[in-house]
Amino acid sequence: MQRITITLDEELLGLIDRRVETQGYQGRSEAIRDLLRNGLREAEALPEDDPCVAVVSYLYDHTTRELPKRLNQTLHAHHDLTRSTLHVHLDAGHCLEVSVLQGPSGRIGELSRQLMVERGVEHGQVQVIPAPLPPATTR
Ligand code: NI
């Protein structure tokens with residue numbers, strides 16, 4: 001095993017500590033390893049050429065400089081993969097977006113990661129569902 005250093009905000013660390021307590025983990029490292037394994041398994045579930053649809057949801061602070069613009073540009077740059085996006089103005093500063101994507105698993109995974117790792121995105125989640133692509137004439 002190797003030792004690495006990661007930076008987490010207090011809120012996230014609090015959630016991990018609560019998980020350690022309630023789920024009976026030996027410590028933070030074990031809980032984090034478990035979460036990482038689950039996250040990685042989900043991302044690599046399908047072969048990269050397999051067609052799928054994905055539901056990507058992310059909550060963000062829209063006052064983060066340029067963030068709404070960057071998210072929008074990312075979606076436009078992949079317009080062939082994006083089917084629809086729902087935008088909810090949650091409160092004065094936060095927005096929730098739910099994007100439905102469709103395409104080959106590898107490209108869908110790449111696009112969802114790109115959306116979720118933007119600075120200012122606080123919660124990102126993706127659900128990938130195997131599904132055939134629609135016939136070319138209807139796309
Ligand atoms: Ni909004």
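## Tyr-58 and its contacts

Leaving out neighbours up to four places away in sequence, Tyr-58 contacts Leu-71, Leu-75, Thr-85, Cys-95, Leu-96, Glu-97, Ser-99, Leu-115, Val-121, His-123 and Gly-124. The model is predicted.

## Nonpolar core

The largest nonpolar core has 16 residues, and those touching the most other members are Tyr-58, Tyr-60, Leu-71 and Leu-115. Two or more residues of this core come from each of β1 (51-61), α3 (67-77), β3 (94-104), α4 and β4. The largest contribution is that of β1, at five residues. In soluble globular proteins, nonpolar side chains tend to be buried together.

Are His-89 and Cys-95 buried or exposed? His-89 is exposed, because its relative accessible area is 62%, over the 50% cut-off. Cys-95 is buried, because its relative accessibility is 3%, under the 20% cut-off. Cys-95 is also one of the residues in contact with Tyr-58.

## Glu-118

Glu-118 sits in the loop that lies between α4 (105-116) and β4 (121-130). With a relative accessible area of 17%, Glu-118 is buried.

The side chain of Glu-118 makes a polar contact of 2.7 Å with that of Arg-70. Beyond residues up to four places away in sequence, Glu-118 touches Leu-67, Arg-70, Leu-71 and Thr-74. Among them, Leu-71 is also a contact of Tyr-58.

Note on methods:
Residues are numbered from 1 along each chain as its sequence is written. This is a predicted model: local features need pLDDT of at least 70, side-chain atom pairs count only at pLDDT 80 or more; totals for chains, interfaces and linings use all residues. Side-chain values use heavy atoms; hydrogens and water are left out. Buried means under 20% relative accessible area, exposed over 50%, partly exposed in between (1.4 Å probe, protein chains only). Helices (H or I, at least four residues) and strands (E, at least two) are DSSP runs, numbered from the N terminus. A polar contact is a pair of N or O atoms within 3.5 Å; within protein, one must be able to donate a hydrogen and the other to accept it, and residues adjacent in sequence count only if both atoms are side-chain atoms. Contact means heavy atoms within 4.5 Å. A nonpolar core is a set of buried Ala, Val, Leu, Ile, Met, Phe, Trp, Tyr and Cys residues joined through side-chain atoms within 4.5 Å.
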